[in-house]
Amino acid sequence: MACPFGHISEAAIERARAILDECEKNVDELEKVLAKENHSDADVLKVFETSRTLSGEFYNTFPIADFEYGTVKIFDLKDDINRARETLNRMAEVEVATRLLTGAAYRKDVDRIRFLWHGTKAVNLMSILKDGFLVDPHNTTITGRLFGDGIYLADSFEKSSHYCQPSANGLNYMLLCRVALGKCYTKTSWNIEWGEEMPKGYDS
């Protein structure tokens, strides 16, 4: 599924998700109708018409390039619905990143730039290079969330190297990243619970 053009708000993404949920319910309804021995063509057409209407609402809420002139999918298959959900998840990440970057432009402490290391498994490398760092990546291996959801980096090469896993040819991969830390929260004790999140109001 193509990505939308222009800026998509968080509210629009949530509305699009709700429409896809309705599309999925409609697919379930179609299966129930078809399972009836005495179902009529009118019953089937009614469900398909609902699919067409919901799909139109989705594209009006979450427009993709050339959707007004090209051929777009009608959401009457769960595989297509799930692919659309994946696109929404990616755009939600972009929307959050856009808000953070926009806010950072007006922050006085955004000049706290550091070069930090990120160690990763070889299977995750191409995803990072293609899509950047995602807070909650799909279809990737999570190596730890000691401080909750986030992007983990370290100023120690050795520390980050422990999160590497070699590729088939025996190579490990490390990324040296230029990071805007913003307002930092300093943890002075390791007496924490797994998944504990940092207080609100901090960037890193």
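Over residues 13-40 of this predicted model, I find the chain to be 82% helix and 0% strand, with the end C-alpha atoms 36 Å apart.

I note Thr53 as partly exposed because its relative accessibility is 38%, and partly exposed covers the range between under 20% for buried and over 50% for exposed. I then checked Thr53 against Phe75: the two are 22 residues apart in sequence, and their C-alpha atoms are 9.7 Å apart in space.

Is Phe62 buried or exposed? Phe62 has 0% relative accessibility and therefore counts as buried, and I place it in the loop between α2 and α3, the latter being residues 78-104. I also looked up Phe62 with Arg15, and found them 47 residues apart in sequence but 8.8 Å apart in space, C-alpha to C-alpha.

Phe62 comes up again in the largest nonpolar core, which has 18 residues, and where Ile13, Leu20, Phe58, Phe62, Phe75 and Leu88 touch the most other members. The elements that give two or more residues to this core are α1 (10-35), α2 and α3, and the largest share, 7 residues, comes from α1. I finally noted a second, separate core of 7 residues, with Leu125, Ile128, Leu175 and Cys177 among them.

Methods: Residues numbered from 1 in each chain as written. Predicted model: local features only at pLDDT ≥ 70, side-chain atom pairs only at ≥ 80, totals over all residues. Heavy atoms only, no water. Helix = DSSP H or I, 4+ residues; strand = E, 2+ residues; numbered from the N terminus. Buried < 20%, exposed > 50% of the residue type's maximum accessible area, 1.4 Å probe, protein only. Core = buried A, V, L, I, M, F, W, Y, C linked by side-chain atoms within 4.5 Å.
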